[in-house]
Amino acid sequence: MAELTTLETLLEMGFDRNRAEKAVANTGNQGIEQAMDWLMEHENDPDIDEPYVPPVAKVLGGEAESQMSTEQSTPADATEGGDMLYNEEDDSSKQPMTEEEKLEQVRRLEELMRVKQAERRERERAEEVDREKSRRKHGQELQQIRQKLQDDDMKKLSDQRMKEKMEDKMARQRVKDKIARDREERAQKFGVGGTQSVATSSQPAQPSPSSPTSQGPPATKRDYDMSKIQVRLLDGTTLTTVFKAQEPLAAVRVYVQVNGNTPEGQDFTLLSPYPRHVYTELDMEKPLKELGLVPTAVLVVIKK
């Protein structure tokens, strides 16, 4: 009678028969509250609306054992049938519930179900809040990791650029120091030679009394070992310095790159205005003496 009452109550509350039967069977017919709890927990099961099929007990042995068990169970079945008749007679003595009692019980159970559903929604809401907090925390941790990696990469890049700038600055300084030393050496040598030549030229030439000027050995061509170069830059300004006669023309170009105001990255070459000649990369390796740029020369910087 208890199982029938639980099942009927669930049906009156609007539950499907398949769901109600499954709830009663799976809770062991322990009452309406346990059945309602089971229904709310399993309402999203894919097979919740399928008909309820009671479990079938396993049968061991062959047909003989089945027949023996059937024969042996016959008296017991009869006994059980008698017990069922007795139980039905005993249950018939109980008075059925009135409509008012059924409605009151349904209302009470519906109120209980609403309370449980509210508790379930509140629990699900709390779980959703916890999941959202965990997701945000995880996202913040990932963002911090990405930011740290980005900061590390930027620091490495900045250190690399600073290192390259320092190396470039040191290389330029070495070139400047070398050019300064070479310029000082050239100035010293050229200054001594120039002083001697100026002193010699300051004395008036006196013809030998023994012979006229037209007579005597022919003048020998002087072998210059220094060259004074004047370079006209792109903006019209000039640079003047002294080089060794055996130095390549590339030394003049390096001097212009370091001391001139040529924009960084601007590629240029040198030109001799008279006679007009544009020097190539092959000329850059030739000595100034071989190019005829001794003892003095004027060069012009032009863009390539």
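**Figure 1. Arg 125 and Glu 122 join their side chains in a salt bridge, 2.5 Å from N to O.** This is a predicted model, in which local features need pLDDT of at least 70 and side-chain atom pairs count only at pLDDT 80 or more, while totals for chains, interfaces and linings use all residues. Residues are numbered from 1 along each chain as its sequence is written, and side-chain values use heavy atoms, with hydrogens and water left out. A salt bridge is a side-chain nitrogen of Lys or Arg within 4 Å of a carboxyl oxygen of Asp or Glu. Both Arg 125 and Glu 122 belong to helix H5, where 3 residues, about one turn of the helix, lie between their positions. Helices (H or I, at least four residues) and strands (E, at least two) are DSSP runs, numbered from the N terminus. Arg 125 is partly exposed at 45% relative accessibility, and Glu 122 is partly exposed at 46%. Here buried means under 20% relative accessible area, exposed over 50%, and partly exposed in between (1.4 Å probe, protein chains only).

**Figure 2. Arg 135 and Glu 132 form a salt bridge.** Their closest N and O atoms are 2.4 Å apart. The two residues are 3 residues apart in helix H5, so about one helical turn separates them. Arg 135 is exposed, with a relative accessible area of 51%, whereas Glu 132 is partly exposed at 24%.

**Figure 3. Glu 281 and Lys 304 meet through their side chains in a salt bridge of 2.8 Å, N to O.** This pair links distant parts of the chain, 23 residues apart: Glu 281 is in the loop between strand E4 (276-278) and strand E5 (296-303), and Lys 304 is in the segment after E5. Glu 281 is partly exposed at 42% relative accessible area, and Lys 304 is exposed at 54%. Both residues belong to a network of salt bridges that also includes Arg 253 and Asp 267. The whole structure holds 20 salt bridges.

**Figure 4. Phe 243 and Tyr 255 form an edge-to-face aromatic pair.** Their ring centres are 5.9 Å apart, with 90° between the planes. Phe 243 lies in strand E2 (residues 238-244) and Tyr 255 in helix H6 (residues 249-259), so the pair ties together parts that are 12 residues apart in sequence. Rings of Phe, Tyr and Trp (its six-membered ring) pair if their centres lie within 6.5 Å; planes under 30 degrees apart count as stacked, over 60 as edge-to-face and the rest as tilted. A search of the whole structure finds 1 aromatic pair. Phe 243 is buried, with a relative accessible area of 3%, and Tyr 255 is buried at 7%.

**Figure 5. Glu 8, Glu 12, Glu 99, Glu 100 and Glu 101 form a negative surface patch.** Patches are made of residues with over 30% relative accessible area and no salt bridge; like charges are joined within 9 Å, and nonpolar side chains (Val, Leu, Ile, Met, Phe, Trp, Tyr) within 5 Å. Lys and Arg count as positive and Asp and Glu as negative, while His and the chain ends are not counted. Helix H1 (2-12) and helix H5 (99-202) each supply at least two residues, and H5 gives the most, with 3. Glu 101, in helix H5, is partly exposed at 43% relative accessible area.

**Figure 6. Leu 142, Ile 145 and Leu 149 form a nonpolar patch on the surface.** Together they have about 270 Å² of accessible area, computed by the Shrake-Rupley method with a 1.4 Å probe. Leu 142 is in helix H5 and is partly exposed at 35% relative accessibility.

Definitions and conventions: Charge placed at Lys NZ, Arg CZ, Asp CG, Glu CD.
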